[in-house]
Amino acid sequence: MEETYNELKERIDQLENWKKSARKSFFQDKIELLQKIKTNLGDTVDDIVDSHVREDNLGFWQNISKNISTPDVGALVQKLWVEMCAPGGIEFDMTTRGEITQMHVTKCPFADMARELGLEKWGYQFYCMSDYAIVEGFNPKIEFTRTKTLMQGHDCCDHTYQLQKNNV
């Protein structure tokens, strides 16, 4: 039996809703476990989470950059923002002026989920702090700065990338 466009769209919407619900449930379960561990071990847990997030992302992005002939800012933007973030529902604008590329993120499903659960602090540690290791793993000669995030309640995330001047 052939499905109509509307039936297919409805099935896709159902799958997307299921995916969001599963991601939210997984994140919430992980955080509940970490909060219980933190109750027993204290703030050391924050350091362990930070270290894990850094190491996990650093290795992942080092492997990605091995397959890219010129791992510069343009290649990072293509791989991270165009190929991974945009399809994941992250909305952003990009401006490039000379050697500087800036991303202004106006919608982030991870920030929305963390805010809905009241878990922005953990969301920041798991998602936002990974940005530094992503850049370092992809190319440690790329400078990355950010002064605000949606996760912390700002109006946008402001990512700035620039190849270090002494390496141009």
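**View 1. Helix 2 and the lining of the largest pocket.** Helix 2 contributes six residues to the lining of the largest pocket, the largest share. The model is predicted: local features require pLDDT of at least 70, side-chain atom pairs count only at pLDDT 80 or more, and totals for chains, interfaces and linings use all residues. Residues are numbered from 1 along each chain as its sequence is written, and side-chain values use heavy atoms, with hydrogens and water left out. Helices (H or I, at least four residues) and strands (E, at least two) are DSSP runs, numbered from the N terminus. At least two lining residues each come from helix 1 (5–41), helix 2 (44–66), helix 3 (73–85), helix 4 (109–117), helix 5 (120–128), helix 6 (130–138) and strand 4 (157–163).

View 2. The volume of the largest pocket is about 820 Å³. A pocket is an open set of points, on a 1 Å grid over the protein atoms alone, where a 1.4 Å probe fits, with protein on both sides within 12 Å along at least five of seven lines; lining residues have an atom within 4 Å of a point. Grid points are joined across faces, edges and corners, and a volume is the space filled by probe spheres set on the points. Of the 29 lining residues, Asn-57, Phe-110, Tyr-127, Ser-130 and Ile-134 lie nearest the centre of the largest pocket. By class, this lining comprises 18 nonpolar, six polar and five charged residues. Ala, Val, Leu, Ile, Met, Phe, Trp, Tyr, Cys and Pro count as nonpolar, Asp, Glu, Lys and Arg as charged, and the others, Gly among them, as polar.

**View 3. The second largest pocket.** This pocket has a volume of about 290 Å³. Its lining numbers 13 residues, with Glu-16, Lys-20, Arg-23, Gly-88 and Pro-109 nearest the centre. Helix 1 and helix 4 are the elements that give two or more residues to the lining of the second largest pocket; helix 1 gives the most, with five residues. Eight charged, three nonpolar and two polar residues make up the lining of the second largest pocket.

**View 4. Packing of helix 4 against helix 5.** The axes of helix 4 and helix 5 are 8 Å apart and meet at an angle of about 150 degrees, which makes the two helices roughly antiparallel (angles over 145 degrees). Axes are lines fitted to C-alpha atoms, for helices over the stretch in contact, and angles run from 0 to 180 degrees between N-to-C directions. Phe-110, Met-113, Ala-114 and Arg-115 in helix 4 are in contact (heavy atoms within 4.5 Å) with Glu-120, Gly-123 and Tyr-127 in helix 5. This contact of helix 4 with helix 5 has four nonpolar, one polar and two charged residues.

**View 5. Packing of helix 2 against helix 6.** Here the angle is about 35 degrees, and the axes of helix 2 and helix 6 are 7 Å apart. Residues of helix 2, including Asn-57 and Trp-61, meet residues of helix 6, among them Ser-130 and Ile-134. The contact of helix 2 with helix 6 divides into seven nonpolar, five polar and two charged residues.

Notes: Angles under 35 degrees count as roughly parallel, over 145 as roughly antiparallel, 65 to 115 as roughly perpendicular and the rest as oblique.
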